[in-house]
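Student: I've just opened this one and could use a guided tour. Can we take it step by step?

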4 protein chains.
Amino acid sequence: MDRKYILKIDCPDKKGLIYNISNIIYKHGLNIEKNDEYVDDENAKFFFRAILSGDLNNLQLEKDLRAVLPTDANIILKAKERKKIIILATKESHCLGDLLLKYYSGELNTSVVAVVSNYDYLEELVKKFDIPFHCVPCDNFTRSEHEQKILEVLKGYKFDYMVLAKYMRILSSDFVREYEEKIINIHHSFLPAFIGANPYKQAFVRGVKIIGATAHFVNDNLDEGPIIAQDVIRVDHEFSWRDMQKAGRNVEKVVLSNALDLVLEDRVFVYNNKTVIF
Amino acid sequence: MDRKYILKIDCPDKKGLIYNISNIIYKHGLNIEKNDEYVDDENAKFFFRAILSGDLNNLQLEKDLRAVLPTDANIILKAKERKKIIILATKESHCLGDLLLKYYSGELNTSVVAVVSNYDYLEELVKKFDIPFHCVPCDNFTRSEHEQKILEVLKGYKFDYMVLAKYMRILSSDFVREYEEKIINIHHSFLPAFIGANPYKQAFVRGVKIIGATAHFVNDNLDEGPIIAQDVIRVDHEFSWRDMQKAGRNVEKVVLSNALDLVLEDRVFVYNNKTVIF
Amino acid sequence: MDRKYILKIDCPDKKGLIYNISNIIYKHGLNIEKNDEYVDDENAKFFFRAILSGDLNNLQLEKDLRAVLPTDANIILKAKERKKIIILATKESHCLGDLLLKYYSGELNTSVVAVVSNYDYLEELVKKFDIPFHCVPCDNFTRSEHEQKILEVLKGYKFDYMVLAKYMRILSSDFVREYEEKIINIHHSFLPAFIGANPYKQAFVRGVKIIGATAHFVNDNLDEGPIIAQDVIRVDHEFSWRDMQKAGRNVEKVVLSNALDLVLEDRVFVYNNKTVIF
Amino acid sequence: MDRKYILKIDCPDKKGLIYNISNIIYKHGLNIEKNDEYVDDENAKFFFRAILSGDLNNLQLEKDLRAVLPTDANIILKAKERKKIIILATKESHCLGDLLLKYYSGELNTSVVAVVSNYDYLEELVKKFDIPFHCVPCDNFTRSEHEQKILEVLKGYKFDYMVLAKYMRILSSDFVREYEEKIINIHHSFLPAFIGANPYKQAFVRGVKIIGATAHFVNDNLDEGPIIAQDVIRVDHEFSWRDMQKAGRNVEKVVLSNALDLVLEDRVFVYNNKTVIF
């Protein structure tokens, strides 16, 4: 069976891009198994993603593509392979547990290389699944000191994405820049509503009839990174904020898991602090 | 057939309220056709709503109820009757048209006494349904002057609620206070996200994956009144803000219509800038 | 400004289709404004849709495409133009009224050439919008006789699609075959649940917690045509079947309107009694 | 702090029930913390549920209630206590795992006394959570023989409810009758659509745009027991039935968990093969 490859391109739009790209793919004797394309008219920006199969010469294909694409095109071309993630968590187990279970049952299209936490609450759970657990306490350390210790742990692993599965510490700009578009967070509100601390309490006080969760890439601005996935559920006046929190956990874990699937399948482009998802 | 009555009570909670209330209803020979009750534990606040049938002596029943309820109890007791609404709109026809159609087909549990607008765009549509239309232009007038003219028109009608069916003018505090808990607005966002002007553009720029609409009572603070109903739909990167606006119109009109049904059936209590809905 | 064209192709899948199609489009000097493609792997079936702009020579483009496509390819190539619909209805006004309002406000991407009904209930409403109304009574006629009379009316109009906006008569196979993939129906259940008469009563008796509506192309088998769009809402034990019917109307009209938008924009392919929608 | 009690009553409706019930509760010096009531008008059937607090004399309270209620009233009166469940599963881990995780984290309002399966696939997972696991193979046994062996295992435990967390065997009428209204099943379709085997394949073939899951009490008729909870998600033509199955797992586990919460809090009445849920 032929190997499969992911090709992702984004660049300024111009006439004939599809023709030129498909022409080169065709000349390389590759098959396009799936292909999505989108043009952001307002910004004249072109997005393209294909799953290719066949016998691929990476260097030559990329070189030939560059020859017909605008000079500032971004090209990602790689074998469709199982990726690796590292998970950061704090005390709550629902998102972490859901990922561990899916990993255990073979449903998660990735390997979990380790779990890092600022507390030891989740150690027992993680060890049940035979995954390395690192407790990096934050108490009595500055943010910067704590992040240094986290970074040291991270450096011991190879991973493609970092998943914040209810990691309740704000990451510094310096930390985030090290892993641009590589950190996925689950926020327990329907962003941009209820930015900041305890969104369920905020939602309760405001009296909304729907609450939600948002998975997004982490960037410099807290809770303002590009949104990957969102979902909501209905609540009513009988919900205390604790009830909202409980009901919300089911949404949080599903939204995070869905967003992770999209990212792991290389279906997500980031552009203008938004996502294009095929 | 017996006449039907709505009884709504809210007061500080204390032991025996249900017993005392139902005892008095029973002694008056009335039947409780439906009864809902909710206690906000945090604030020790009691809410009660019943539909009664039988031969009712309003004054005596209310007097007997007051005798067993805390002194600051709010009691609403009235025949279950068709109410009247007046609609304010500006240029967009979807919410107004939906209400007119439902009124025409007998589905709307209310009479529409008139439509008032700051433009004449909607006059032709309103006249198709034989409803008085008042154009009260806002151009070249101060907010206060314009509102005075609106108030003059309103004074010519008897109505229970004022429905802002995409009325795109901010109402002054003075105006709003005249009609406390009597003005229902539809806001074209999933509040509290995207408060203020052009929420669809804001949603587009933020790159959310879900948009919505919110029906709320209007109070002093723009877009911050008690929420009655909300609903959402999914969008993706292919939606321009115009596409969001188009898709959102279907949500807006359904949310407004549903909220209006709840209000017209006296199912909504307002408390702490939130709603309790039975 | 360049004119816009829709190109739809479906054919057996083979290597190089995207390249060959885009090559020809490129050679014709046309721009691909949007392009979607899907391959049904199981059946090795290829679907392609593009919006083209430029100066188009229909005959030559289609000829050139046929030369590179499998012999049994379906090609639709036409100017992106406003289409025409004819509406059939019976007594209920909500779906019809929603379409008329959208037509009136310019939101509906089509012209409504006429409304045909087996009763005269809706005549007054239709006439408000200055659209021809034809009452073709069904009482005292066989199905075949009645359909003959309907057909006579239909023959007086040019239209692209027939919309059954709660037309409560079953159409014969003969009738349906005259308008294959041209008749869009709204069914008041979440198909395939509750096929047949009075789905709201069926839903009530079964005690479901969610009800819905389904828009589909009409084929020989009642309620079994290719599904275009579906949506649902939550209900609970307090809903009588009349309450479900009332709540369901909002879903019905929105689902029908959304399905119609998809069809009118030529975004729908029918295949194996299912739809592929770009 | 006072102990809390659940009182559930259902009986033929008659005038004064609320008064009579609340009178007796009041005379017993109990407080009504929450109280819901519903009358099914069509069948003149009354449903009542209250959470009581205070110093309760069970026998006397029930006796006093019986004295004022119709003779065939069902009364359930019991301390609000943590319940026990036993879980049956087969090979799939998502529903089971979700319950185990929630049990582990203290979120599940119940104890899991054991897991029983017709295969040993899930043994490793269950043992991670230190819960007894019983493998009762079905191969080479008749349904009746197999159920006898299951029953023997069940008899070794005390439990309030049996949860079929993707238990893929049909239970006989005899078995079901032993545990009337005590067995909760999760069905992987939006019932009553796609009754029977492999609903995802059925949904795929039918081309629906929405799939779902249904939690219900198990009765004699497969997939036809009283529905407790349902939820749905959107799918499109790109979903293979395997994709639907994967996406559906998230819905299944959340619906089952939500239904279980409702049952464990004694919020569910069964009547006419439907549920009344407060």
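Predicted model: local features only at pLDDT ≥ 70, side-chain atom pairs only at ≥ 80, totals over all residues.

Student: What is the radius of gyration of chain A?

Tutor: The radius is taken over C-alpha atoms, and the globule rule to hold it against is 2.2 Å times the number of residues to the power 0.38. For 278 residues that rule gives 19 Å, and chain A comes close to it, so the chain is as compact as a globular protein of that length. Along its principal axes, the C-alpha trace spans about 60 × 40 × 35 Å. The radius of gyration itself is 21 Å.

Student: Which domains is chain A divided into?

Tutor: The bounds come from an automatic or database domain assignment. In chain A, the centres of the two parts, taken over C-alpha atoms, are separated by 32 Å. The parts are domain 1 (3-79) and domain 2 (83-277).

Student: Which strands of chain A each supply at least two residues of the side of domain 1 that touches domain 2?

Tutor: Two residues are in contact if their C-beta atoms, placed from the backbone, lie within 7 Å. By that test, seven residues of domain 1 of chain A meet five residues of domain 2 of chain A. The strands supplying at least two residues each on the domain 1 side are β1 (3-12) and β3 (45-54) of chain A.

Student: In β3(A), what is the bridge partner of A:I32?

Tutor: Two strands pair if DSSP finds at least two bridges between them. Strand β2 (residues 31-40) of chain A has nine bridges to β3(A), and the two run antiparallel. Their hairpin has four residues between the strands, and A:A44 takes a positive phi near 45 degrees there. The partner of A:I32 is A:L52.

Student: Which are the edge strands of the open sheet of four strands in chain B?

Tutor: That sheet has the order β2-β3-β1-β4 (chain B), with antiparallel pairing. An edge strand pairs on one side only, which here picks out β2 (31-40) and β4 (74-79) of chain B.

Student: In β8(D), what is the bridge partner of D:I86?

Tutor: Chain D has an open sheet of seven strands in the order β7-β6-β5-β8-β9-β10-β11, with mixed pairing. Within it, strand β5 (residues 83-89) of chain D runs parallel to strand β8 (residues 161-164) of chain D, joined by four bridges. The partner of D:I86 is D:M162.

Student: How many of the residues of α3(A) are buried?

Tutor: Helix α3(A) is mostly covered, and what covers its buried residues includes β5 (83-89) and α8 of chain A together with α3 of chain D. Among those buried are A:H94, A:C95 and A:K102.

Student: Which element gives the most to the side of chain A that touches chain D?

Tutor: This contact takes 12 residues from chain A and 12 residues from chain D. On the chain A side, α3 (94-104), α4 (123-128) and α8 (241-264) each supply at least two residues. With four residues, the one giving the most is α3(A).

Student: How many residues does chain A give to the contact with chain B?

Tutor: Elements of chain A with at least two residues on that side are β11 (227-234) and β13 (274-277). Chain B gives 22 residues to the contact, and the number from chain A is 22.

Terms used. Residues numbered from 1 in each chain as written. Chains lettered and ligands numbered in written order. Buried ≥ 20, exposed ≤ 12 C-beta atoms within 10 Å, placed from the backbone.
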